[in-house]
Amino acid sequence: MKSVLFLSGKGGTGKTSLAGAFAFLAKEKILADCDVDAANLHLLLDPKITSEGNFQGIKLAVKDDEKCTSCGKCREVCRFQAIDEDFTIDSYMCEGCGACAYVCPVEAITLSPRVSGHWYTAETQLGPLASAELYPGEETSGKLVMLVKQKAYELGKEKNAKLLLIDGSPGIGCPVIASASGANLVILVTEPSLSGLHDLKRILGVVRHFGIAAYLVINKADINEKVSEKIEAFAAQEQLPVLGRIPYDRKVTEMMVVGKSAVEDEESLAGAAMSKIFERFTEVFRDH
Amino acid sequence: MIRIAIASGKGGTGKTTIAVNLALSLVEREPVQFIDCDVEEPNAHIFLKPRIKQVRSVKKLLPQVDEQLCNQCGECAKACEFNAIAVIGKKVLVYNDLCHGCGLCKMVCPTGAIHEIPHELGVIEAGEARGFPFAQGLLNVGEAMATPIIHALKDDIDQQYLTIIDAPPGTGCPTIAALYGADIALLVTEPTPFGLHDLKAAVGVARSLGVPIAVVINRNGIGDDRVERYCEQEGLSIPLRIPFDREIAALYSEGTPLVDALPAWKERFIHLYHEIISQGGEGATSVASGFMPDGLNKRRTQGATLSAAVDVPAVDIGPNEGPKKGEAG
């Protein structure tokens, strides 16, 4: 099973809308939503959960106040400002490294596991889906991303699928890097704004850093033709092939409201553009 | 003065638009400082065109193993909670992306084979924009850990100022780091199913941190009214709605602040500020205590940068260098 990952650097450029369109158009595929901070792909699908489980993220240092002698050794070694002046542990700052527990002379601190989210696999009208939800205020989304990918690959084996469509998260950090490992191809979705271009440069840097082939899609291209041209010039200079442009089309949102992809509306201009982009993708994907 | 963090679960809803225009609308009335905590993809500089005066490096400490002293006992790998160090044959491998720089491996090593070297995660650029102090963080391309840069950025906050924090999207560690200690979270959303779903997640994060919330609806008029209904149910105020308008979208695309091109919007951002001050988003009780929910904000008094993030001396790069200086390629 080969995989294609949707990334953008900047948020809200249309990663999930394009991934949803591909989900509608592709055959023998598995879907994975690796934007675990804000997973949205399932909102275009009708998931019936087939398996699920808890995700244990980082552990948390917990102190037994009866044992604590307030010696302060824990505070000395903590590099995350997670131990206050009165030696209480701040759960939002604690990264669960265990240094405090190691140095505590009276074993007052233990590392306690905690549930930071949950993962699931589901059957949907467009094929099997692996997704997850990080609980509010919880950390280690990179680890949860790896878990979703693992579940997606298991689904792929089971269903003998040919293609894995991965919806990624915005940014360039931990969850993005976790989603990028092992991807055969990345589709970068941008929009014609100076912010979009700025963020595209940085995410392209990450994708190239990991040596993954990248293709570009310019969404809402007609919002600013000049900037769209600037982005195409940048792409040409960087030898980043453009799969296509998508025009701004209110139908994308209208279809989203009813839980559908724009490609399901025959009159949608954006839907037609996405179908064309999918055709070009199928041609180039054979070589990756 | 108060700290306003502009956040959203979903990306691209208009955080930077709100943050930039709020700062530009308030600057004549209040001493404003602007902190761009979206260190993965900072965009405020595109609109504010800051003059960067100082660049400093943010580093974490990464273990290095002296193969002469190492006896491959594996204690380091056993102790590491992040699977960032592994003994493979006669070699010890350190995985930079996974390492949090906690120093535990060094502590447990019985032969003293581990020492730590500073490893740059990114930079902080500080200067001035449109008459107010401006700072932004930039995660180096290829690095995974954004939070130490956000913590280091926040250590620079001067309490004399009304601080506007542009937070990263999502609900994970970088968002928490940016929201932590804020007096109010201004959550920017759009009236679509994706916007609603991610707003709920962002509300969950702000509430778990005890930060009062107010909501801004951007691109109002597209989608449906489910965001409005959700806010009503949850008792969340919506002190500002910005309609979907191609002119506004075009201004954004060119990096022109809304209030520069359409000055009438200033009044609406000032109104937004007064609304959140007077009602304190949800949890109006926090207003009485000067926007200080119980137990929060104590970290303001701690001036020190994370010791895991080693500061190097600031480099003066002169007033004419653009904000791109120091950005990894």
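**Tour: a helix pair in chain B, then chain A**

Select helices α7 and α8 of chain B: α7(B) passes α8(B) in a right-handed crossing, meaning that the near helix is turned clockwise from the far one by less than a right angle. Helices (H or I, at least four residues) and strands (E, at least two) are DSSP runs, numbered from the N terminus. This is a predicted model, in which local features need pLDDT of at least 70, side-chain atom pairs count only at pLDDT 80 or more, and totals for chains, interfaces and linings use all residues. Residues are numbered from 1 along each chain as its sequence is written, chains are lettered from A in the order in which they are written, and side-chain values use heavy atoms, without hydrogens and water.

Colour residues 193–208 and 226–234 of chain B: these two helices pack at about 25 degrees, with axes 9 Å apart. The axes are lines fitted to C-alpha atoms over the stretch in contact, and angles run from 0 to 180 degrees between N-to-C directions. The pair is therefore roughly parallel, a label for angles under 35 degrees.

Next, show side chains at the contact (heavy atoms within 4.5 Å). Among them are B:Leu196 and B:Val203 of α7(B), and B:Tyr230 and B:Cys231 of α8(B). B:Cys231 is buried, at 1% relative accessible area; buried means under 20%, exposed over 50%, partly exposed in between (1.4 Å probe, protein chains only).

Move to chain A, which has nine helices and 11 strands. Of its 288 residues, 62% are buried.

Finally, select A:Cys68, which is partly exposed at 21%. Its sulfur lies 6.4 Å from that of A:Cys74, the closest cysteine sulfur, too far for a bond. The structure holds zero disulfides over all chains, a disulfide being a pair of cysteine sulfur atoms within 2.5 Å.

Conventions
Angles under 35 degrees count as roughly parallel, over 145 as roughly antiparallel, 65 to 115 as roughly perpendicular and the rest as oblique.
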